[in-house]
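I keep these notes while going through a structure for the first time. The headings say what I looked up.

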Amino acid sequence: TPTLSLQTSSLPTTKLTKFTIQLRPCHTGEIFKDNQICHKCGSESSNPFDHSLKYTLTNTTTDCSPCPNNAYCWGGSSIGPQSGYWRSSITSATIYQCPYKPACKGVEPLLDGGEQDLRGVCEEGYEGNLC
């Protein structure tokens, strides 16, 4: 546990005071870096059109992972399949090819902050993870 020591000379006697500081754990999509400070994966890029940022799906690692093949990655824990691919859950980094590629829309990068299914979606008339 990190401790902070303060010493002051304005008091008649010098006192040593210890404080215990408890840091928050990193959130999913962040890594421990630079003396246990949490950093969001992919935050080094300021390009909003960069969809191949590094990511992590945990909060206990010290390295970000490169974007998987056939996926979009927006940094943090945000990854999604490209068209023709799907993903079984938002906690999995495995990207699968659809048995019938035209049925799988994947996810399209949204620049307006809208909601999307990061597992990928099916074309109309198809359903389920496999489309």
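The entries below cover confidence, disulfides, cores and aromatic rings.

**Ground rules**

I am reading a predicted model, where local features need pLDDT of at least 70, side-chain atom pairs count only at pLDDT 80 or more, and totals for chains, interfaces and linings use all residues. I number residues from 1 along each chain as its sequence is written, and side-chain values use heavy atoms, with hydrogens and water left out.

**Confidence**

I looked up pLDDT, which is the predictor's confidence in each residue, from 0 to 100. The chain has an average of 80, and 76% of the residues reach at least 70. Strand E1 (residues 3-6) has the lowest confidence, with a mean of 52, while strand E8 (residues 96-97) has the highest, at 94. Strands (E, at least two residues) and helices (H or I, at least four) are DSSP runs, numbered from the N terminus. I note that where pLDDT is low, the predicted coordinates should not be read in detail.

**Disulfides**

How many disulfides does a search of the whole structure find? It finds four. A disulfide here is a pair of cysteine sulfur atoms within 2.5 Å. In general, it is a covalent bond between the sulfur atoms of two cysteines.

I took the pair Cys-26 and Cys-38, with sulfur atoms 2.0 Å apart. The torsion about their S-S bond is about -100°, so this disulfide is left-handed. Cys-26 sits in the loop between strand E2 (17-20) and strand E3 (30-33), and Cys-38 sits in strand E4 (residues 37-40), so the pair ties together parts twelve residues apart in sequence. I checked burial too (buried is under 20% relative accessible area, exposed over 50%, partly exposed in between, with a 1.4 Å probe and protein chains only). Cys-26 and Cys-38 are both buried.

The sulfur atoms of Cys-41 and Cys-64 are also in a disulfide, 2.0 Å apart. Cys-41 and Cys-64 lie in the loop between E4 and strand E5 (71-73), so parts 23 residues apart in sequence are tied together. The torsion is about -90°, so this disulfide is left-handed. Cys-41 counts as buried because its relative accessibility is 1%.

In the disulfide of Cys-98 and Cys-104, the sulfur atoms are 1.8 Å apart. The torsion is about -110°, so I wrote down left-handed. Cys-98 and Cys-104 are both buried.

**Nonpolar cores**

Which residues make up the largest nonpolar core? I listed seven: Tyr-55, Cys-67, Ala-71, Cys-73, Ile-79, Tyr-85 and Ile-95. Such a core is a set of buried Ala, Val, Leu, Ile, Met, Phe, Trp, Tyr and Cys residues joined through side-chain atoms within 4.5 Å. Another core lies apart from this one and has six residues, including Trp-86, Cys-98, Cys-122 and Cys-131.

I then looked up the contacts of Cys-73 (contact means heavy atoms within 4.5 Å). Leaving out residues up to four places away in sequence, Cys-73 touches, among others, Asp-50, His-51, Leu-53, Pro-68 and Ser-78.

**Aromatic rings**

I found three aromatic pairs. Rings of Phe, Tyr and Trp (its six-membered ring) pair if their centres lie within 6.5 Å; planes under 30 degrees apart are stacked, over 60 edge-to-face, and the rest tilted.

Tyr-72 and Trp-74 have ring centres 6.0 Å apart and planes at 35°, so this pair is tilted. Tyr-72 is buried at 17% relative accessibility, and Trp-74 is buried at 18%.

Trp-86 and Tyr-96 have ring centres 4.7 Å apart and planes at 25°, so this pair is stacked. Trp-86 is in strand E7 (residues 85-86) and Tyr-96 in strand E8, ten residues apart. Trp-86 is buried at 12%, whereas Tyr-96 is partly exposed at 35%.
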